[in-house]
Amino acid sequence: MRVVEFFCGIGGCAAACPDTWQVVAAIDVNRQAIEVYRHNFSHGTIVSGVEHLTTDLVRSFRGDLWWFSPPCQPFTVRGNRQDLSDPRAAVFTAMLRQVQACLPEYVALENVGGFQGSQAQSLWVGSLRSWGYSVHERLLCPTELSVPARRPRWYVMASRRRIVAPELGDAPPHRPLIDFLDSGDFQREWEVPMEIQQRYAKALDVVDPLQPKAMMRCFTSAYGKSPVRSGSYVATPFGVRYVMPEEILRLMGFPMRYQLPNGLTRRQAWALVGNSLSVTAVRQVLTWLTRV
Ligand SMILES: C[S@@+](CC[C@H](N)C(=O)[O-])C[C@H]1O[C@@H](n2cnc3c(N)ncnc32)[C@H](O)[C@@H]1O
(Lines give C-alpha, C1' and ligand atoms only; values in the text may rest on other atoms or scores of the structure.)
Protein backbone atom coordinates (compact mmCIF):
# COMPACT_ATOMS: atom_id res chain seq x y z
CA MET A 1 0.00 0.00 0.00
CA ARG A 2 1.45 3.35 -1.03
CA VAL A 3 0.18 6.09 1.30
CA VAL A 4 0.12 9.85 0.77
CA GLU A 5 -0.33 11.80 4.00
CA PHE A 6 -1.88 15.23 3.34
CA PHE A 7 -1.89 17.68 6.32
CA CYS A 8 0.60 15.26 7.87
CA GLY A 9 1.50 17.35 10.94
CA ILE A 10 3.84 15.25 13.07
CA GLY A 11 2.86 12.00 11.33
CA GLY A 12 -0.07 10.41 13.13
CA CYS A 13 -1.08 8.49 10.01
CA ALA A 14 2.49 7.35 9.27
CA ALA A 15 2.75 6.10 12.87
CA ALA A 16 -0.43 4.05 12.39
CA CYS A 17 0.49 2.41 9.06
CA PRO A 18 1.69 -1.20 9.19
CA ASP A 19 5.45 -1.61 8.56
CA THR A 20 4.72 -3.32 5.25
CA TRP A 21 3.05 -0.16 3.88
CA GLN A 22 5.03 2.66 2.37
CA VAL A 23 4.32 6.33 2.99
CA VAL A 24 5.45 7.91 -0.27
CA ALA A 25 4.81 11.58 0.48
CA ALA A 26 3.79 13.73 3.44
CA ILE A 27 2.66 17.33 3.04
CA ASP A 28 2.08 20.10 5.58
CA VAL A 29 2.33 23.85 5.54
CA ASN A 30 3.86 23.99 9.06
CA ARG A 31 7.65 23.81 8.87
CA GLN A 32 8.03 22.96 12.55
CA ALA A 33 5.58 20.04 12.28
CA ILE A 34 7.55 18.77 9.28
CA GLU A 35 10.79 18.98 11.29
CA VAL A 36 9.27 16.75 13.96
CA TYR A 37 8.01 14.45 11.21
CA ARG A 38 11.49 14.20 9.65
CA HIS A 39 12.98 13.46 13.06
CA ASN A 40 10.90 10.27 13.14
CA PHE A 41 10.32 9.17 9.54
CA SER A 42 12.66 8.98 6.59
CA HIS A 43 10.19 9.24 3.71
CA GLY A 44 9.75 12.32 1.58
CA THR A 45 8.12 15.42 3.03
CA ILE A 46 6.97 18.64 1.39
CA VAL A 47 6.41 21.95 3.14
CA SER A 48 3.51 23.41 1.18
CA GLY A 49 -0.14 24.32 1.29
CA VAL A 50 -2.09 21.39 -0.13
CA GLU A 51 -3.93 23.83 -2.40
CA HIS A 52 -0.62 24.70 -4.09
CA LEU A 53 0.25 21.15 -5.17
CA THR A 54 -0.03 20.54 -8.89
CA THR A 55 -1.96 17.53 -10.14
CA ASP A 56 1.15 16.29 -11.97
CA LEU A 57 3.08 16.23 -8.69
CA VAL A 58 0.27 14.53 -6.77
CA ARG A 59 -0.16 11.94 -9.53
CA SER A 60 3.58 11.25 -9.48
CA PHE A 61 3.27 9.92 -5.89
CA ARG A 62 1.23 6.96 -7.26
CA GLY A 63 -0.55 6.71 -3.90
CA ASP A 64 -3.09 3.95 -3.28
CA LEU A 65 -4.38 5.51 -0.06
CA TRP A 66 -4.68 9.26 0.33
CA TRP A 67 -5.06 10.29 3.98
CA PHE A 68 -6.41 13.78 4.68
CA SER A 69 -6.47 15.47 8.13
CA PRO A 70 -7.51 19.01 7.16
CA PRO A 71 -7.93 21.84 9.70
CA CYS A 72 -10.94 21.40 11.97
CA GLN A 73 -11.64 25.04 12.93
CA PRO A 74 -14.45 25.48 10.34
CA PHE A 75 -16.40 22.80 12.25
CA THR A 76 -15.70 23.72 15.89
CA VAL A 77 -17.56 26.06 18.21
CA ARG A 78 -14.26 27.79 19.02
CA GLY A 79 -13.69 28.35 15.30
CA ASN A 80 -17.25 29.79 14.91
CA ARG A 81 -18.46 26.82 12.82
CA GLN A 82 -18.48 28.72 9.56
CA ASP A 83 -18.25 25.50 7.60
CA LEU A 84 -17.54 26.05 3.89
CA SER A 85 -17.71 29.85 4.37
CA ASP A 86 -14.55 29.67 6.51
CA PRO A 87 -11.51 30.51 4.34
CA ARG A 88 -9.71 27.54 5.96
CA ALA A 89 -12.29 25.23 4.34
CA ALA A 90 -11.16 26.29 0.85
CA VAL A 91 -8.75 23.35 0.92
CA PHE A 92 -11.74 21.00 0.53
CA THR A 93 -12.27 22.17 -3.04
CA ALA A 94 -8.57 21.76 -3.76
CA MET A 95 -8.55 18.26 -2.25
CA LEU A 96 -11.59 17.19 -4.25
CA ARG A 97 -10.08 18.56 -7.44
CA GLN A 98 -7.02 16.34 -6.94
CA VAL A 99 -9.11 13.29 -6.06
CA GLN A 100 -11.28 13.73 -9.14
CA ALA A 101 -8.22 14.07 -11.36
CA CYS A 102 -6.38 10.99 -9.99
CA LEU A 103 -9.14 8.75 -8.54
CA PRO A 104 -6.90 6.91 -6.04
CA GLU A 105 -8.03 3.50 -4.79
CA TYR A 106 -8.78 4.72 -1.24
CA VAL A 107 -9.46 8.19 0.18
CA ALA A 108 -9.63 8.73 3.94
CA LEU A 109 -10.51 11.85 5.89
CA GLU A 110 -10.36 12.63 9.60
CA ASN A 111 -11.99 15.59 11.30
CA VAL A 112 -13.78 16.66 14.47
CA GLY A 113 -17.29 15.46 15.35
CA GLY A 114 -18.71 18.79 14.15
CA PHE A 115 -17.83 17.77 10.58
CA GLN A 116 -20.81 15.41 10.72
CA GLY A 117 -23.85 17.16 9.25
CA SER A 118 -21.77 19.99 7.76
CA GLN A 119 -21.99 21.29 4.19
CA ALA A 120 -18.39 20.16 3.79
CA GLN A 121 -19.38 16.59 4.68
CA SER A 122 -22.20 16.65 2.09
CA LEU A 123 -19.82 18.02 -0.51
CA TRP A 124 -17.08 15.49 0.35
CA VAL A 125 -19.22 12.36 0.54
CA GLY A 126 -21.56 13.42 -2.28
CA SER A 127 -18.62 14.08 -4.63
CA LEU A 128 -16.88 10.80 -3.81
CA ARG A 129 -20.10 8.80 -4.33
CA SER A 130 -20.76 10.57 -7.61
CA TRP A 131 -17.31 9.43 -8.80
CA GLY A 132 -18.13 5.80 -7.99
CA TYR A 133 -16.61 5.46 -4.51
CA SER A 134 -18.17 3.36 -1.77
CA VAL A 135 -18.09 5.36 1.48
CA HIS A 136 -18.13 4.29 5.10
CA GLU A 137 -18.05 6.90 7.87
CA ARG A 138 -18.46 7.00 11.62
CA LEU A 139 -17.49 8.75 14.83
CA LEU A 140 -14.77 6.84 16.65
CA CYS A 141 -13.26 7.62 20.04
CA PRO A 142 -10.17 5.86 21.38
CA THR A 143 -12.17 5.19 24.57
CA GLU A 144 -13.93 2.52 22.46
CA LEU A 145 -10.51 0.91 22.06
CA SER A 146 -9.49 0.73 25.75
CA VAL A 147 -7.66 4.07 25.82
CA PRO A 148 -8.36 6.20 28.93
CA ALA A 149 -8.47 9.50 27.00
CA ARG A 150 -11.19 10.97 24.85
CA ARG A 151 -10.61 12.09 21.28
CA PRO A 152 -13.83 11.56 19.31
CA ARG A 153 -13.25 12.13 15.63
CA TRP A 154 -15.27 11.66 12.46
CA TYR A 155 -13.61 9.28 9.98
CA VAL A 156 -14.64 8.88 6.35
CA MET A 157 -13.18 6.05 4.27
CA ALA A 158 -13.90 5.85 0.56
CA SER A 159 -12.94 2.98 -1.69
CA ARG A 160 -13.24 2.25 -5.39
CA ARG A 161 -14.60 -1.13 -4.29
CA ARG A 162 -17.42 -1.79 -1.83
CA ILE A 163 -16.53 -1.39 1.86
CA VAL A 164 -18.15 -3.83 4.25
CA ALA A 165 -19.10 -1.85 7.36
CA PRO A 166 -17.08 -3.22 10.26
CA GLU A 167 -18.61 -3.95 13.64
CA LEU A 168 -16.75 -2.95 16.80
CA GLY A 169 -17.72 -5.43 19.50
CA ASP A 170 -18.40 -4.34 23.06
CA ALA A 171 -15.74 -1.91 24.24
CA PRO A 172 -13.15 -3.72 26.36
CA PRO A 173 -12.35 -2.21 29.78
CA HIS A 174 -10.02 0.78 29.75
CA ARG A 175 -6.38 0.31 30.44
CA PRO A 176 -5.37 2.07 33.67
CA LEU A 177 -4.40 5.69 33.09
CA ILE A 178 -1.37 5.28 35.32
CA ASP A 179 0.15 2.96 32.67
CA PHE A 180 0.46 5.92 30.31
CA LEU A 181 1.98 8.41 32.74
CA ASP A 182 5.53 8.93 33.88
CA SER A 183 6.18 8.12 37.49
CA GLY A 184 8.72 9.56 39.87
CA ASP A 185 9.38 13.01 41.18
CA PHE A 186 8.37 15.78 38.88
CA GLN A 187 10.33 18.95 38.54
CA ARG A 188 8.49 22.08 39.53
CA GLU A 189 8.27 23.20 35.91
CA TRP A 190 5.41 20.72 35.37
CA GLU A 191 3.33 22.00 38.27
CA VAL A 192 0.32 24.10 37.33
CA PRO A 193 0.98 27.59 38.76
CA MET A 194 -1.01 28.19 41.95
CA GLU A 195 -2.52 31.33 40.43
CA ILE A 196 -4.10 29.26 37.62
CA GLN A 197 -5.22 26.55 40.05
CA GLN A 198 -6.99 29.12 42.20
CA ARG A 199 -8.47 31.17 39.40
CA TYR A 200 -9.88 28.15 37.52
CA ALA A 201 -10.42 25.94 40.58
CA LYS A 202 -13.86 24.76 39.43
CA ALA A 203 -13.09 24.52 35.73
CA LEU A 204 -9.81 22.58 35.61
CA ASP A 205 -10.25 18.88 34.88
CA VAL A 206 -7.91 17.38 37.47
CA VAL A 207 -7.69 13.59 37.28
CA ASP A 208 -6.45 11.23 39.96
CA PRO A 209 -4.61 8.57 37.92
CA LEU A 210 -4.91 6.07 40.74
CA GLN A 211 -8.68 5.89 40.33
CA PRO A 212 -9.50 2.72 38.37
CA LYS A 213 -11.84 4.58 35.97
CA ALA A 214 -9.61 7.63 35.55
CA MET A 215 -10.08 9.15 32.10
CA MET A 216 -8.58 12.21 30.43
CA ARG A 217 -10.30 14.76 28.25
CA CYS A 218 -9.31 15.47 24.68
CA PHE A 219 -6.04 17.40 24.47
CA THR A 220 -6.08 20.29 22.02
CA SER A 221 -3.32 22.43 20.58
CA ALA A 222 -4.23 25.09 23.19
CA TYR A 223 -3.06 22.95 26.13
CA GLY A 224 -0.70 24.95 28.34
CA LYS A 225 -2.11 28.18 26.89
CA SER A 226 -5.86 28.02 27.59
CA PRO A 227 -6.30 26.47 31.04
CA VAL A 228 -9.82 25.11 30.44
CA ARG A 229 -11.34 22.85 27.77
CA SER A 230 -7.92 22.06 26.34
CA GLY A 231 -7.17 18.83 28.24
CA SER A 232 -6.79 17.36 31.72
CA TYR A 233 -4.31 17.72 34.59
CA VAL A 234 -2.83 15.14 36.96
CA ALA A 235 -3.40 15.15 40.72
CA THR A 236 -0.15 14.24 42.50
CA PRO A 237 0.56 13.89 46.23
CA PHE A 238 2.17 17.32 45.98
CA GLY A 239 -0.35 19.25 43.92
CA VAL A 240 -1.51 19.45 40.32
CA ARG A 241 0.70 19.05 37.29
CA TYR A 242 0.45 19.31 33.53
CA VAL A 243 0.43 16.21 31.35
CA MET A 244 3.74 16.14 29.50
CA PRO A 245 3.75 16.05 25.67
CA GLU A 246 5.40 12.61 25.73
CA GLU A 247 2.58 11.31 27.93
CA ILE A 248 -0.03 12.69 25.51
CA LEU A 249 1.81 10.95 22.65
CA ARG A 250 1.54 7.70 24.61
CA LEU A 251 -2.20 8.24 25.17
CA MET A 252 -2.56 8.88 21.44
CA GLY A 253 -0.90 5.53 20.72
CA PHE A 254 2.38 6.72 19.18
CA PRO A 255 5.03 3.99 19.38
CA MET A 256 7.66 4.14 22.12
CA ARG A 257 10.39 4.86 19.57
CA TYR A 258 8.65 8.10 18.50
CA GLN A 259 10.54 11.14 19.79
CA LEU A 260 10.12 14.87 19.90
CA PRO A 261 13.37 16.60 18.89
CA ASN A 262 15.30 18.71 21.37
CA GLY A 263 14.82 22.42 21.00
CA LEU A 264 11.01 22.54 20.99
CA THR A 265 9.53 24.58 23.81
CA ARG A 266 6.90 22.69 25.76
CA ARG A 267 4.20 25.04 24.39
CA GLN A 268 5.29 24.20 20.84
CA ALA A 269 5.33 20.50 21.67
CA TRP A 270 1.83 20.64 23.20
CA ALA A 271 0.53 22.55 20.16
CA LEU A 272 1.89 19.97 17.69
CA VAL A 273 0.87 16.94 19.73
CA GLY A 274 -2.58 18.41 20.47
CA ASN A 275 -3.16 18.81 16.72
CA SER A 276 -2.29 15.23 15.94
CA LEU A 277 -4.26 12.01 15.62
CA SER A 278 -5.17 9.12 17.85
CA VAL A 279 -2.86 6.56 16.27
CA THR A 280 -4.90 3.85 18.02
CA ALA A 281 -8.09 5.03 16.32
CA VAL A 282 -6.41 5.45 12.93
CA ARG A 283 -5.08 1.87 13.13
CA GLN A 284 -8.65 0.74 13.66
CA VAL A 285 -9.86 2.80 10.68
CA LEU A 286 -7.14 1.30 8.48
CA THR A 287 -8.49 -2.17 9.27
CA TRP A 288 -11.65 -1.15 7.39
CA LEU A 289 -9.58 -1.55 4.24
CA THR A 290 -9.07 -5.24 4.88
CA ARG A 291 -12.86 -5.58 4.66
CA VAL A 292 -13.12 -4.02 1.23
C1 LIG B 1 -5.62 18.63 12.36
S2 LIG B 1 -3.93 18.91 12.03
C3 LIG B 1 -3.48 17.32 11.43
C4 LIG B 1 -2.24 16.83 12.08
C5 LIG B 1 -1.70 15.50 11.63
N6 LIG B 1 -2.67 14.55 11.20
C7 LIG B 1 -0.80 14.90 12.71
O8 LIG B 1 -0.83 13.68 12.90
O9 LIG B 1 -0.09 15.66 13.36
C10 LIG B 1 -4.00 19.88 10.58
C11 LIG B 1 -2.65 20.10 9.92
O12 LIG B 1 -2.89 20.77 8.69
C13 LIG B 1 -1.84 21.71 8.49
N14 LIG B 1 -2.39 22.67 7.51
C15 LIG B 1 -3.31 23.62 7.71
N16 LIG B 1 -3.63 24.21 6.55
C17 LIG B 1 -2.90 23.60 5.60
C18 LIG B 1 -2.80 23.75 4.18
N19 LIG B 1 -3.52 24.65 3.53
N20 LIG B 1 -1.96 22.93 3.51
C21 LIG B 1 -1.20 22.03 4.16
N22 LIG B 1 -1.25 21.84 5.50
C23 LIG B 1 -2.09 22.62 6.20
C24 LIG B 1 -1.52 22.23 9.86
O25 LIG B 1 -0.20 22.73 9.90
C26 LIG B 1 -1.71 20.98 10.72
O27 LIG B 1 -0.49 20.28 10.87
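1. The largest cavity is lined by P142, A149, R150, R151, F219, I248, L251, M252 and S278. A cavity here is a set of points, on a 1 Å grid over the protein atoms alone, where a 1.4 Å probe fits but cannot get out, and a lining residue has an atom within 4 Å of a point. This is a predicted model, in which local features need pLDDT of at least 70 and side-chain atom pairs count only at pLDDT 80 or more, while totals for chains, interfaces and linings use all residues. Residues are numbered from 1 along each chain as its sequence is written, and side-chain values use heavy atoms, with hydrogens and water left out.

2. The volume of the largest cavity is about 80 Å³, where a volume is the space filled by probe spheres set on the points, and points are joined across faces, edges and corners. The count of cavities of 30 Å³ or more comes to one.

3. By class, the lining of this cavity has six nonpolar, one polar and two charged residues; Ala, Val, Leu, Ile, Met, Phe, Trp, Tyr, Cys and Pro count as nonpolar, Asp, Glu, Lys and Arg as charged, and the others, Gly among them, as polar.

4. The protein chain is assigned domain 1 (2-168 + 277-291) and domain 2 (177-272), with bounds that come from an automatic or database domain assignment. Each of the two domains gives at least three residues to the lining of the largest cavity. The C-alpha centres of domain 1 and domain 2 are 27 Å apart, and 25 residues of domain 1 are in contact (heavy atoms within 4.5 Å) with 26 residues of domain 2.

5. Around the ligand there are 19 residues, of which G12, D28, V50, E51 and S276 come nearest; a residue counts as near if one of its heavy atoms lies within 4 Å. The shell divides into eight nonpolar, nine polar and two charged residues.

6. A side-chain N or O atom of D28 is 2.7 Å from an oxygen atom of the ligand. A backbone N or O atom of V50 lies 2.8 Å from a ligand nitrogen atom, and a polar side-chain atom of E51 lies 2.9 Å from a nitrogen atom of the ligand. Taken alone, the ligand exposes 590 Å², of which the protein buries 88%, with areas from the Shrake-Rupley method and a 1.4 Å probe.

Note on methods. A polar contact is a pair of N or O atoms within 3.5 Å; within protein, one must be able to donate a hydrogen and the other to accept it, and residues adjacent in sequence count only if both atoms are side-chain atoms. On a 1 Å grid over the protein atoms alone, a cavity is a set of points where a 1.4 Å probe fits but cannot get out, and a pocket is an open set with protein on both sides within 12 Å along at least five of seven lines; lining residues have an atom within 4 Å of a point.
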